[in-house]
Structures are given as C-alpha cells and as structure tokens.
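Keep the viewer open as you read.

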Amino acid sequence: MGSNNIFIREYLESLKEDTELDYLFPILLNTIGFRIVSTAKESKGQSQYGKDIIAIGSDESGQQHRYYFELKGHADRDITDKNFFSRDGIRESIIESKDTAFSDSSIPEFNQLPIKVVIVHNGTLKANIRPTFEGFISKEFKEGQFERWDIYHLTDLFAKHLFNEYLLTDEQSLRLFKKTLVLLDAPENDFHDFKSLVDLQIDKISDIKKGRAFSKFFATQNLLASVVFHYSELNDNLEAAKQCLTYLLLKTWAWILRNKLEARRSVKKEFSKLIGVHYRMLHKYFEKTIPIARLENGLFSEQGGPFEEIGYPLRCFEYLNYLIYFFEARLHFPNFSKEPSQRKRKKLRRIQKDLLIEIITNNDGCNRPILDYHSISILNVVLFLLQKNDLRDEDLKFVGEYLFSTTESILIINTVRGRFPLVGSELDLVKKVNKGKIQSDPDPKNLPPTLLITILFEFSAILSFTQMYDDFKDGFKDKINLQTAYPHFDKYDIEQLLFEKHFGNEFYVETGIEFQSNINEFKEYMKKKENDSIEYRTDASGFGFLRKLAHVYFKNEYFVDEWRSMYD
C-alpha cells in the first residue's frame, strides 16, 4: 500500500458512523455511479432495518441490483464476537436488512431488481469471529447476495474514485494537502497552503459541462472541508476550520457565479452540502465558545497582556461577525435554500437577539472599534437587530445604546490615546503595536479618513437619535474626513468579486462629507447621496445570507444601499 493509501486509510478509520461516514459514503457512491434512493439522514429517528443507504448500482458483471448498505463505524468499525451478537449488532442488522422489504414504485423496475446486502465498516473482521461470521453468511445468503466492504476495500475505492483520481492527481495538490494537515494547528498559520490547494482545484475543473468532472469537483470540495474539519476537531482548534472552510465556501460560490451556474438545481444541491459542513463546523465552534462569551468579559484573555488593548476588541468584532452569520444560516437549516416559516423565524430570532445582546453587554470590547472596517461588525449587529419582520421595542432601545456607547468610546480613545479607528488591516495594526505606536499618525496636511464614523452618524439620522448627533458632532468636527465608499457596479462584476477578494480599485470614495448644524439638516443632506444597488444572483438562488459571510471574510465594507434604503 502506497503512502497516499496509508493516509487515506488512517483518515477513513477515524470516521464515525453517525456523522462523517454517513456523510462521505454517499459521495463515494455517487462518484462510482450508484443512484442513491434513500440515505440514513432522510430516515433519521426512524427504524432503518439494516438499510442506512439504499441505492441502485451494477456489480462487477454489470448486473444491476438494489443495494442495501448498512454502515458501521466508530466503536463498531471492527466486527468482533461482542458486537456481532449484541442487541442491534451486526448479526441483527444483516437479518433485518435481508428480511424487511423496501419498495419504490416511482423508479421503473426497481422492485424487480435483485437485492444485494452490503455491510460497510471502516475496520476489519476479527479472526475470532470469522468462522462464525462466514458460516452465518453462507447459511443466510446465496452466492452474490452479500458483500462486506472493510477498511481495505474502502481505502481502495476512495483512493481510486476520489483522492487519487481527482484530488491527488498531481504532486502539487498532494504536497499542499499534506502541508495543510501537518501545519493545521501551527501558531500564526495563515493557511496559505490550504487556500492554494482550493484555488488549484478550482483551476483544474475546465469542462463544467461534463457531469463526471462536475461531480468530482464537488466531491473534492466536500472531502477537503470534511478532512480539515475532522482534524481541527482532533486538534481541539476549530479556529483553523473556521478560516479554511470559510475560504473554500466563498471561493466555490465565486466559481459558480463566474460560470453562471447559480440557478442550476444540481449545483445548488451540491453547494448546499458544502454550506452544511461549514454550518456544522460553526455549530461546534459556538457550542464550545458561547458559554464563555456570554460571561462578563468572557472574550477577554488575561494571558494576552498589553496586547489585549487591541486584541480584545479585535476578538470581539470577529466573534460578532461569525455569530450573526451563523444566526442567519440557522434560519435556513437544514436545506439552506428555503425561506423559513414565520413561526420558526420569530422563535429563533427572539433567542438569537437575546443572546447577541447579552454577549455585547458583557464584553465592552464590542464597543471599541480599533479598525475602520469594524463598520462591518457594527452594521451586522445593527441591521440584524433592526430587521422589520421581528423588530421589538427592546431591540431599538439597545441599538440606540450600542451606537451611542460605541461613538462615545471612539471619542474617548481619541482624547486619551490620540487615535481614531485605523484605516488598514489587522497586520498593519500589529506592526504599529510592535513598534510601540498605534496612533493614527495621519499626514499633518490631511484629516484621518473614516467610513465607520460616517455610518454611525448616518444611523443617528436614520433613527432620529438627536441626542447622539448633538452630543458628539462637535467632538468629531474638523478632526476627521467623513467618507463613503461606493462599488463600481458599472465596471466590475461586483457580486462575483465580493466572494473572491478584498476590494481596492473596485471601490471609489466620496470625501469631505460635512456635518450639518442639526440632525434634520444632516438627514436631508445624506438622503440626497448616492444609493445604487443591484439585483443579487446569490439572493435569487436562496443563499442571500452568504453575502454577509463574504463581507466578513474579505473585509469589504458594506455597500450603502444596506442602510440608506432605511431613510424615510
């Protein structure tokens, strides 16, 4: 067995029946050419009678069969004398699969096809049970009616039909994949190898019209996501999976948009599986972190030392971003393509909003933006709480308090530290910290630019928060350059690029926005400003919530229509 197959075998041995194996095995069957009729996921909570997966496929002779696959993994991956005879064990599953009929009259000739029962286990048949097992099978089945796919057979199938045939066809992919897993838990890893691997797989799919290439592409993306998620869990470091899987998800959707495949049902079905892996990863991430985040200063790290002056706010704003995206995705779970019912929406939103407010209230780092693009996080909070379908009085009250305290914090930090939120990246900020200086350090000829503070004052006008405007206007006047960024909808495919990169020339900036003498004049002044928008193909496909993740990951400020459409 080659080194690649050894790696594949070790990975398959780690899969659990009720999660990863149930998920990955149908991908393999589809790639081989089986037609899936029913899966364990569809019958979750119901008796499956030894039939986790039912499929139509051909055996080595070319004869079509009804295949009844029973999956055994984790504690039952090896067939032993204990689990063979136990209640709900191997023997009982095989008998139930053989004796309980499954019919589907909607598939022509399905009910007339011969049956083949297959036990699939990512382990081995132990020597002490082999004679009993073989005797049982020969008694219960005729020749060709039963198969056992163990870890060695599964390794060969995955190597031939998924890994070696597509993902690992070239040395560069193999090298990047191995480096990804070796360095997955390394400190300060920017996951460059994984990103290069994802980009390489996208570059490799040239003929999208060929069904086989299309199937393998999505199988590869799903396997990459599942493997990274699995090893991140083993390392007890889901931050790695969060960064890697988000990149993979967004870049795959960018490829779909580029090739104008977003309306295809088959594409949406496969892409929903990727969203599902990403969602399950975030579910695990927040399952672990929310109990801490909701404590007083729960997102603060005492081990951070002096770095926490910026580390705490940075951590808070990123946490809010992914939490709100997770809340939006949760509304569409598990299909990710259907609008939720009003009843489901109201129930979930109430729980989600209460939790969000609790986390922000207990972590004052959420009120202290360090970078100008923290406008993304602040807008996520405000827009989430102000959605009209489920707006409560307490939501509006909290938004007012949040905007007021955030604006006040910016002004206090400027007074004490001599800086406004910096225009630039986290890397730029860290470099300044390492030099012992994080002041804005503007050109003395120019006022420091800001998109964030412009948005804060626009919301004071939109929501008629007169006190906020009056209390803080003079504190910022003549100290900053209020600006607004607009995307070049006329020059670029902005929607596609939103899922691919951080914008540069794709934005143009209006500068020199002026404070007015009172909030009403400022409101009328801003209402006359540009408010262009586009029809998003992503939204039409049912994945509108994904745009939020794109803004978060690539740190592209929200477009003005997100809030200027709220002016009355």
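This is a predicted model: local features need pLDDT of at least 70, side-chain atom pairs count only at pLDDT 80 or more; totals for chains, interfaces and linings use all residues.

Residues are numbered from 1 along each chain as its sequence is written, and side-chain values use heavy atoms, with hydrogens and water left out.

**Salt bridges**

A salt bridge here is a side-chain nitrogen of Lys or Arg within 4 Å of a carboxyl oxygen of Asp or Glu. That rule gives a count of 39 salt bridges.

| Lys-251 | Asp-199 | 3.9 Å |

Helices (H or I, at least four residues) and strands (E, at least two) are DSSP runs, numbered from the N terminus. Glu-328 is buried, its relative accessible area being 11%, and Arg-349 counts as buried too, at 1%. For these labels, buried means under 20% relative accessible area, exposed over 50%, and partly exposed in between, with a 1.4 Å probe and protein chains only. Salt bridges with shared partners join Glu-328 and Arg-349 into one network with Arg-345, Lys-353, Asp-354, Asp-390, Arg-392, Glu-394 and Asp-395.

Next come Lys-251 and Asp-199, which form a salt bridge. This pair links distant parts of the chain, with Lys-251 in helix α10 (residues 238-258) and Asp-199 in helix α8, 52 residues apart. Lys-251 is buried at 15% relative accessible area, whereas Asp-199 is partly exposed at 25%.

**Helix α8**

Helix α8 covers residues 192-204, and its 13 residues should span 18 Å at 1.5 Å a residue; the end C-alpha atoms are 18 Å apart, which agrees. The expected span is 1.5 Å times one less than the number of residues. The buried residues of α8 are Asp-193, Phe-194, Leu-197, Val-198, Leu-200, Gln-201 and Ile-202. As background, an α-helix has 3.6 residues a turn, so residues three or four places apart point the same way.

**Cysteines**

How many disulfides does the structure hold? The number is zero, taking a disulfide as a pair of cysteine sulfur atoms within 2.5 Å. For Cys-316, the closest cysteine sulfur is in Cys-366 at 4.0 Å, too far for a bond. Cys-316 is buried, with a relative accessible area of 0%, and Cys-244 is buried at 1%.

**Two single residues**

Glu-458 sits in helix α17 (residues 452-462) and counts as buried at 0% relative accessibility. Its side chain joins that of Tyr-567 in a polar contact of 2.7 Å. A polar contact is a pair of N or O atoms within 3.5 Å; within protein, one must be able to donate a hydrogen and the other to accept it, and residues adjacent in sequence count only if both atoms are side-chain atoms. Leaving aside neighbours within four places in sequence, Glu-458 is in contact (heavy atoms within 4.5 Å) with Phe-522, Met-526, Trp-563, Arg-564 and Tyr-567.

Val-37 lies in strand β1 (residues 35-38) and is buried at 18% relative accessible area.
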